[in-house]
Amino acid sequence: MDIEIIAVGGYNEVGRNMTAVRCGKEIVIFDMGLRLDQVMIHEDADIENMHSLDLIEMKAIPDDTIMNAVEGSVKAIVCSHGHLDHIGAIPKLAHRYNAPIISTPYTSELIRQQIAGEQKFGVNNKLFALKAGQRYTISPHLTLEFVRAQHSIIDTVFPVLHTPRGAVVYANDFKLDRTPVLGEPPDFARLRQIGKEGVIALITESVNIADKGRCPSEKIARDLVRDTITSYEDDKSALFVSTFSSHISRVKTIAECAHEIGRKPVLLGRSMERYSSAAEQLKLVGFPESLSMFGNRRTVDRTLRRIMKTGKDKFLPIVTGHQGETGAILTRIVMGDTPYKLEKGDKILFSAKVIPNPMNYGQRYLVEARAKMAGVRIFDELHVSGHAYREDHYEFLHLLNPQHVIPSHGDIGMTGGYAKFAEEIGYTLGNDLHVMRNGKSLLIK
């Protein structure tokens with residue numbers, strides 16, 4: 001059986017991830033992601049109403065027109081987790097394929113919401129929720145297995161495609177967190193077993209390959225956040241915390257710390273409400289009973305007015321806007337577009353890193369500069385990454401012992417950096433190690 005890896009998106013950049021694996025005449029697609037910074041450049045981009053071809057031209061979603069030249073039929077679309085750079089293009093592309101969309105329960109719920117908001121295309125693909133540890137028979141020759149992973153969003157897995165020639169492991173994205181705040185550690189025993197059974201190809205992220213050592217556990221971020229928040233137990237000034245809406249473990253930590261110091265945690269922002277309420281409904285997280293959440297703009301402004309009136313020391317708002325995004329709650333507060341007035345001594349905690357691109361750096365700088373003008377104290381980088389570092393990748397390769405390695409999810413600096421690292425431990429570029437670019441394919445003979 002021929003096995004062909006087709007790099008559709010995410011091999012020239014961080015974002016718009018999409019990889020197709022052809023086994024004989026059967027094809028499995030992994031992820032269909034969005035590249036958010038490309039959308040942000042076009043301020044008037046209303047994604048829900050845009051055509052896929054326009055978004056492809058903007059380099060915002062994968063150019064899947066290359067799939068027209070691939071012989072065979074798509075049997076499944078598989079998503080590793082719920083971040084938009086992995087599921088954001090589903091409303092635009094999935095309808096072209098007569099195949100179910102298979103993902104974990106939380107990811108399936110986020111995909112369902114994405115599809116419900118789509119205005120241009122009707123997406124009628126069947127959504128199938130598969131839990132970590134379960135298998136799905138795609139065809140007599142292909143079986144899909146979900147192996148438990150950890151990342152900065154809950155319910156992340158390593159999708160493993162079992163073929164007659166061995167397993168194809170898709171590892172976009174992961175960290176080897178042995179002490180996570182939510183969920184269980186990655187299933188090391190099963191990964192080791194799959195390695196012994198035989199892995200023909202590993203497709204792996206390369207985002208943090210330049211970072212030495214191991215990626216710190218989410219437990220470390222929890223301690224950083226707790227240390228900062230609880231040191232202001234008797235403070236009467238405002239405490240705002242901004243983090244990734246999809247980072248449910250972090251939101252839980254912040255909410256619990258607020259509760260600890262006698263402040264009511266309040267989630268503000270559409271995405272904050274969407275991600276957290278979905279996690280709560282699926283019973284994947286338990287928040288303090290005092291927590292409330294508001295997504296609608298009018299309700300958010302009403303809540304901010306109530307906080308000003310009741311006393312800012314009674315609440316801890318957890319808000320969107322750590323990248324300085326236009327229209328996000330924190331940006332609106334800092335720019336004076338809400339009923340909330342920032343005052344000297346108020347504190348803004350960023351439990352997130354700036355996603356490295358010039359636009360984000362510029363927007364975040366503007367938000368911080370305006371906040372400082374009002375006398376606000378800034379606490380930065382109360383955060384740990386959700387992506388594996390160099391030594392994690394070393395451990396991962398030794399668990400799986402893949403015959404072929406394909407670094408992905410990165411620009412040429414990242415995938416090339418991964419190739420250099422893999423060569424150091426015995427792989428050979430062009431032989432069993434392959435740096436790919438969007439639109440290219442690799443036939444594993």
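This is a predicted model: local features need pLDDT of at least 70, side-chain atom pairs count only at pLDDT 80 or more; totals for chains, interfaces and linings use all residues.
The buried positions of α13, which spans residues 390–400, are Asp392, His393, Glu395, Phe396, Leu397, Leu399 and Leu400. In an α-helix there are 3.6 residues a turn, so residues three or four places apart point the same way.

One of these buried residues, Phe396, also belongs to an aromatic cluster with Phe158 and Phe174. Eight aromatic pairs were found in the whole structure. Phe128 and Tyr136 form an edge-to-face pair, because their ring planes meet at 65° with the centres 4.8 Å apart. Phe128 is partly exposed, at 27% relative accessibility, whereas Tyr136 is buried, at 19%.

The largest nonpolar core comprises 60 residues, and the members that touch the most others are Ile29, Met32, Met67, Ile90, Tyr106, Ile229 and Ile248. Helix α8 (residues 248–260) supplies the largest share of this core, with six residues. A separate core of 28 residues includes Leu130, Leu161, Ile200 and Met436. Leaving aside residues up to four places away in sequence, Tyr106 has contacts with Ile153, Ile154, Asp155, Ile248, Tyr275, Ala278, Ala279, Leu282 and Leu284.

Most residues other than glycine have a negative phi, and most peptide bonds are trans. Asp155, a contact of Tyr106, has a positive phi near 65°. Asp155 is located in the loop between β8 (143–148) and β9 and is partly exposed, with a relative accessibility of 22%. Asn401 likewise is not a glycine and has a positive phi, of about 50°. This residue comes just after α13, in the loop that leads from α13 to β18. Asn401 is exposed, because its relative accessibility of 52% is over the 50% cut-off. The peptide bond between Asn172 and Asp173 is cis, with omega about 5°. Asp173 is part of the loop between β10 and α6.

On the surface, a nonpolar patch is formed by Ile412, Leu429 and Val435, which together have about 240 Å² of accessible area. Ile412 lies in helix α14 (residues 412–424). The relative accessible area of Ile412 is 46%, so this residue is classed as partly exposed.

Conventions. Residues are numbered from 1 along each chain as its sequence is written. Side-chain values use heavy atoms; hydrogens and water are left out. Patches are made of residues with over 30% relative accessible area and no salt bridge: like charges are joined within 9 Å, nonpolar side chains (Val, Leu, Ile, Met, Phe, Trp, Tyr) within 5 Å. Accessible areas come from the Shrake-Rupley method with a 1.4 Å probe; for residues, only the protein chains shown count as cover. A salt bridge is a side-chain nitrogen of Lys or Arg within 4 Å of a carboxyl oxygen of Asp or Glu. Helices (H or I, at least four residues) and strands (E, at least two) are DSSP runs, numbered from the N terminus. Buried means under 20% relative accessible area, exposed over 50%, partly exposed in between (1.4 Å probe, protein chains only). A nonpolar core is a set of buried Ala, Val, Leu, Ile, Met, Phe, Trp, Tyr and Cys residues joined through side-chain atoms within 4.5 Å. Contact means heavy atoms within 4.5 Å. Rings of Phe, Tyr and Trp (its six-membered ring) pair if their centres lie within 6.5 Å; planes under 30 degrees apart count as stacked, over 60 as edge-to-face and the rest as tilted.
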